[in-house]
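User: I would like to learn how to read helix packing, chain contacts and backbone angles in a model such as this one. Could you take me through a few features in turn?

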2 protein chains.
Amino acid sequence: MAIIVQKFGGSSLADTAKVMAVARRVVRTVQEGHEVVVVVSAQGKTTDELIEQAHAVSPNPPKRELDMLLATGEQVSIALLAMAIDALGQRVISLTGAQGGIMTDTQHTKARIRLVDGMRIRTELAKGQVVIVAGFQGMTSTNDITTLGRGGSDTTAVAVAAALGASACEIFTDVDGVYSADPRLVPDARKLEQVDYGEMLELASLGAMILQPRAVEVAAIYGVPIHVRSSFSNDLGTMIREVKEVEKEISVTGVASDENCAKITLVGIPTDVSVLYNVFASLALEGVNVDMIVQAGTATPTADLTFTVTREELDTALTVIGKARGEQTWDIVCDENVAKVSIVGAGMMTNPGVAAKMFEALNEENVPVFVVSTSEIKVSCLVPRSRYQEAVRACHKKFELSSAN
Amino acid sequence: MAIIVQKFGGSSLADTAKVMAVARRVVRTVQEGHEVVVVVSAQGKTTDELIEQAHAVSPNPPKRELDMLLATGEQVSIALLAMAIDALGQRVISLTGAQGGIMTDTQHTKARIRLVDGMRIRTELAKGQVVIVAGFQGMTSTNDITTLGRGGSDTTAVAVAAALGASACEIFTDVDGVYSADPRLVPDARKLEQVDYGEMLELASLGAMILQPRAVEVAAIYGVPIHVRSSFSNDLGTMIREVKEVEKEISVTGVASDENCAKITLVGIPTDVSVLYNVFASLALEGVNVDMIVQAGTATPTADLTFTVTREELDTALTVIGKARGEQTWDIVCDENVAKVSIVGAGMMTNPGVAAKMFEALNEENVPVFVVSTSEIKVSCLVPRSRYQEAVRACHKKFELSSAN
């Protein structure tokens, strides 16, 4: 019998009626002849409410205790869903992340899964039970509770699927698949039937937050096919899997955007690499994620270095960099009003005109570009936040990605 | 340095301000030179709200899943209290029941502590940290979460104190000690300075629900002194400890009452012991607690057997007994409108006139008595519920227990 992992997010479990609907869907999957493992997030806005409670008690709660608190959110979800499934006459058991063998490192609030010990899950499946595992949480080797950060339940689902050798990992969400651009910005955006892991990774990292990038990474490493589909219908969604070279669509697959960006420029730093090391090591130590690092190389002994962080982490980043600077004389400049627009496509590297075509699209709309960064399968441009929607539409149109084509 | 265990109930932690107040109290105890372990319940009405959520999803939720759900209540408390204590600059760590080494049997929703493995708590104390342990919950040997039933946090606190060899276990509550009768019924009831374990056990079992009886049992076995005191003042409360024979007060210590009783009578059962065995074995199997078992011995081949159960368990008890009766011909009669009034005192057994004096007091008030049962340190009478307050006052007066004496 094939094992299927199904992941349901917080909005799919927001109230009693929705919990019951998820329970029926799970039982239907069992009746279709599958062994089912379910991974769930905390209900609705629970996580945000818990964070609020924490901040009412302490301005700066210890991260270990924050994890202790947040982990209760998924524990409530797994228990309620187990009760709902039991009430339908299906044998079921719920497991916390720790009980489910989700072992992580010790970086509280942003832990990474190191290992999934699937023994308990397998034992319970063998008894003919549906197994519900709390997403987003795990346990360190010293028995402490950790959480994986926003969207971590996706990663739990994929990691569990990998550990069990599941035939698929279904991610149920409030959209019905992955689109060629955000349908709220581009009404004629096209639903993609399949997306390569690499493309999805870029899409995810670039703001199309249907899936946590780490989840896609793990899926790619273990070859777990992910099926992104709607909680509210039975239609097929988008398959994320390894797409063979010959199948790859030519050039651009989609346009992604991310308005949760802030730009930091270090002006006049010595080209000596010690500053770079110092700044980025300090940021890493504080867990600040950095993106789009660009340094324009010049012949002078100083240079300007630009990179982006998320808006929430801007203050932390500025404090950390200020400390790292110490007595040195270079300047720190930042701009909160930026957004990132990217085109993504696995076939892009063989098509050198793609970047030029993107710049053409932006130029036609007079959208200024502050920073450009490229990888084998994407080109990203940092633009003024006030213009990013036009930029997305212009690119989507230029690359003829709409469903009409 | 002496270890002190402090237990705070749900009403002491009901909101942010109260959590902060508890945090300050704990830090003060540390500053007085103690190593402190704190045991807490779920905040305010959390447990009731969680049970409501469960019943919204399933009419009859599996007990294992109910425990999974309920355990989140204390987990929220320990995390918030840890944050509040940390914000005061005191090092602190929170532990779930499982992490705190609270090992139980597998009887979900009513589990009993089998063992406290104090290793983790000791390790954290040795680092100079306050250790906060979730009350009411534990873990089975198969790594499943259990809860101990209502009031279970008291038992956790005493068991932890016993395992650590703590110098005292302080139970903070909304009353300032143990009284000679319920002060709401008897305004001039006297606060007792000290109570013997045995007396407290009878008082607790008989409705003075300041402490869970199981907690008193464990304290008696391990000789842990319990200090019952107010969350809202620094006054000393009541010490519960082994009171030496010579110190024992003559005769009656207090009057206890319990209106959560229902009476069941099996009419005309054969005196053959098989019925007794059958009925009580079936009730035990369903976890129904039975009290005040009385069978009037007669020379006839049939007899009437009377006993009490809690009102919540009456329906279950009647169903169980009905099944156990099968095709036999005896009758089942029940009465929900009863209450139990008891006098308790360690010196009672050496004072044979005590029961007579109690009956005299009840007789003077014309309170009928349905059932009498006695032990070495208590006499209990089952009376009409509508009359039990008068009965308590009459006994309290007859034995001259008021603070004026």
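Analyst: Let us start with handedness: a crossing is left-handed if the near helix is turned anticlockwise from the far one by less than a right angle, and right-handed if clockwise. Here the crossing of helix 2 of chain A with helix 3 of chain B is right-handed, where helices (H or I, at least four residues) and strands (E, at least two) are DSSP runs numbered from the N terminus. This is a predicted model, in which local features need pLDDT of at least 70 and side-chain atom pairs count only at pLDDT 80 or more, while totals for chains, interfaces and linings use all residues. Residues are numbered from 1 along each chain as its sequence is written, and chains are lettered from A and ligands numbered from 1 in the order in which they are written.

User: At what angle do helix 2 of chain A and helix 3 of chain B pack, and how far apart are their axes?

Analyst: Two packed helices are described by the angle between their axes and the distance between the axes. Axes are lines fitted to C-alpha atoms, for helices over the stretch in contact, and angles run from 0 to 180 degrees between N-to-C directions. Helix 2 (residues 46-57) of chain A and helix 3 (residues 63-87) of chain B pack at about 30°, with their axes 8 Å apart. Helix 2 of chain A is therefore roughly parallel to helix 3 of chain B (under 35 degrees is roughly parallel, over 145 roughly antiparallel, 65 to 115 roughly perpendicular and the rest oblique). Gln53(A), Ala54(A) and Val57(A) make the contact with Leu80(B), Met83(B), Ala84(B) and Ala87(B), where contact means that C-beta atoms, placed from the backbone, lie within 7 Å.

User: How many residues does the contact take from chain A and from chain B?

Analyst: The contact takes 26 residues from chain A and 26 residues from chain B. On the side of chain A that touches chain B, helix 1 (16-31), helix 2 and helix 3 (63-87) each give two or more residues, and the largest share, 14 residues, comes from helix 3 of chain A.

User: How do helix 8 and helix 9 of chain B pack?

Analyst: Helix 8 (residues 274-285) and helix 9 (residues 314-325) of chain B pack at about 140°, with axes 9 Å apart, which means that helix 8 of chain B is oblique to helix 9 of chain B. The crossing of helix 8 and helix 9 of chain B is right-handed. Among the residues that meet are Asn278(B) and Val279(B) of helix 8 and Ala317(B) and Val320(B) of helix 9.

User: Which value does phi of Thr109(A) take, and is Phe136(B) buried or exposed?

Analyst: Phi of Thr109(A) is near 75°, a positive value in a residue other than glycine, and Thr109(A) lies in the loop between strand 4 (102-104) and strand 5 (113-116) of chain A. Thr109(A) is partly exposed, because 17 other C-beta atoms lie within 10 Å (a residue is buried with 20 or more, exposed with 12 or fewer, and partly exposed in between). Phi of Phe136(B) is also positive, near 75°, and Phe136(B) is found in the loop between strand 6 (130-134) and strand 7 (137-139) of chain B. Phe136(B) is buried, with 31 other C-beta atoms within 10 Å.

Technical notes. Two residues are in contact if their C-beta atoms, placed from the backbone, lie within 7 Å.
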